[in-house]
Amino acid sequence: MADTIESVLNESRVFQPVPAAQLRFSHWHVPSLDVYKALHAKSLADPDTFWADAANHLAWFKPWSRVLDWNPPDAQWFVGGSLNACYNCVDRHVESGHGEDVGLIWEGEPLSRRTAHPATGSHYAPMHELRWLRYRELQQQTARLGNALKAMGVKKGDVVTIYMPMVPELVIAVLACARIGAAHSVIFGGFAPQAIVERVTDAKSRVIITADGGFRRGEIVELKKNVDEACETLATTPTKVTNVIVLQRTGSRIDWRPGRDVWWHDAVEAASADCPCEPMDSEDMLFLLYTSGSTGKPKGILHTTGGYLTFVNLTARLTFNLIPDAGQVFWCTADVGWVTGHSYVIYGVMSNRVPTLLYEGAPNFPANDRFWDIVARHRVTQLYTAPTAIRTFMKWGDDHPAKHNLSTLRVLGTVGEPINPEAWMWYHTHIGGGRCPVVDTYWQTETGGHVVTPLPGATPTKPGSCTLPMLGIDAAVVNEQGEELPPNQGGLFAIRRPWPGMLRGVFGDRDRFVKTYWSRLKDPATGQPFYFAADGARRDQDGYFWVMGRVDDVINVSGHRLGTMEVESALVSHPGVAEAAVVGMPHDLKGTGICAFVTLKPAWLKANARTPDDALKKELAAHVAKEIGPIARPDSVRFAEGLPKTRSGKIMRRLLRDVAAGVEKITQDTTTLEDFSVVAKLRADEE
Ligand code: WT7
């Protein structure tokens, strides 16, 4: 892409918000920058009132007695209140007379073709596989599945693992868990069996909901096979999976384990549709979602019911100007396996009673214009996707969106990584027709929802900046001492007080929770801890945030988080690898690509008559993809005789990052290098 660090730093374009009517909105929830500023100031001056108002957009079975108990780093929100997340996304809409309204719109990936008319040969129209699910049906389906889970012994507080394609039953499975008070742990369908093993073990989950397979780019992804493989490993551990519920999606041949495996259709058919929503304490666990950190295995980020739902309901409504009964169709293209899917495919959007669109497959099946075809046919009004996707669409060319009527679009969102101004401009121009505000939403699995984002009717936008904090969020750029930095100075992104959507823990690892998020930064005045996001950022003269990326050993590949250690562990599990160091490198489409430096075992090379060649590089990359999943496949594997280390034995990652980026002059101070020749050798192995 044409953006350079200099051009991003000098970005000076500003796009002003327009009147609501110009975008066919009845109103903006936050109609001007002044209103935003006043609301933001008020939300920080009197947070209890602000958050109570936000929580009152939900239906509570029992009101809370206190808005917040804050014993750093432990927050309890809406103390004593009780509610149910499925009730808020489904049942209350039925009860308020909207049972026949569509809550979920689904499009499958495959296109079949109608048989031609025998005489004329015409009518060869592509036939889409479509479903429109009304709230009443969602209520019945979540109730039946909820009862089926109960019949398998799933109780309130248990964790149910979900490993499914993007089909309506995935949303139903998530909401059915919430309905009966079981926490869900959704695993992205692109992860490998070993990832299932780790997550199921950590969560002590005994029931897995999956499908025979899913469609992706015209191929079948064999999900059940991966679950079988994971269960085989799990059988040798104390965590035994007692039941696997299998949705029939592709009709492919699968292995079957009688007693353990149950067809979804059999399970729900046998179950009653009478399953009241379990009243949950505001602080009861709603879900676990595993995400990568700098060290060790992925951690189970824990979110609870009342605070999370309040926060995603508020942020979805404000960031996308959601309004029910206004003909809106919201499409977030993220997989439900990531937090974006949890918050902005399901909970935030459905709790606002705006129909949410789910698309099963790839953006380039059967052709590169599939997304624009979907936007046009479903009359999508708000679209939410990732910079990596936008860059790919740019590469495919302007004519694909130009072929379709995108005039229903009103707000465009982006998330997952910093968006380069060139991609922002392309999105604004070629998808938004120059008329739709672009909301660049900055947040994390841990924050539950948007913490820095433009509000479309209020915030002037600047390409590449996620702009200003969400209402109620006290965000800052600070130094290591926790002191706020002056404009345009790079520092650490921090949140200075609790908010309802924040994580409540790392499942089963109190220490990691405290150390990772709450130990690095504190208020220099009071000593109270700040939330440390592990991102670098700066604020400009207008107070706008510009996120610069992770400051820990997490790399953001196509907006997906991977720990460098995870990839390194996968590499050293190959018998030929002695040592590995993984760093991010600039990548045109993915934002960041994976570069692996590997030292091989000479004895293994000799014994197997192998040489360090391209075939071996490919083999190692494939090995990582098999161990973790295709998203972790290194973009570049480089062999080295030794890795550059400091005298204390630490791998010099910053230096490796420079080498990976092809930086000509080594900018690091290399005086602590153990072996300078190592650097020369690494450079000689340029691909
Ligand atoms: C990391 C969190 C939040 C849902 C998707 C990713 C990066 C996310 C932005 C943005 C710059 C962003 C950060 C963050 N990130 N959104 N708009 N601008 N960076 O969730 O997997 O938890 O990753 O993604 O580095 O820490 P996640």
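1. The largest cavity holds about 40 Å³ of space, where a cavity is a set of points, on a 1 Å grid over the protein atoms alone, at which a 1.4 Å probe fits but cannot get out, and where a volume is the space filled by probe spheres set on points joined across faces, edges and corners. This is a predicted model, in which local features need pLDDT of at least 70 and side-chain atom pairs count only at pLDDT 80 or more, while totals for chains, interfaces and linings use all residues. Residues are numbered from 1 along each chain as its sequence is written, and side-chain values use heavy atoms, with hydrogens and water left out.

2. The lining of that cavity, meaning residues with an atom within 4 Å of a point, includes Ala-85, Met-280 and Thr-305. By class it has six nonpolar, two polar and no charged residues, with Ala, Val, Leu, Ile, Met, Phe, Trp, Tyr, Cys and Pro counted as nonpolar, Asp, Glu, Lys and Arg as charged, and the others, Gly among them, as polar.

3. Around the ligand there are 17 residues, and Asp-440, Thr-441, Thr-445, Asp-535 and Arg-550 are the closest, a residue being near if one of its heavy atoms lies within 4 Å. This shell divides into six nonpolar, six polar and five charged residues.

4. As for individual atom pairs, a polar side-chain atom of Arg-550 lies 2.8 Å from an oxygen atom of the ligand, whereas a polar backbone atom of Pro-418 is 3.4 Å from a ligand nitrogen atom.

How values were computed
1 Å grid on protein atoms, 1.4 Å probe; cavity = no way out; pocket = protein on both sides within 12 Å on 5 of 7 lines; lining within 4 Å. Polar contact = N/O pair within 3.5 Å; in protein donor to acceptor, adjacent residues only side chain to side chain.
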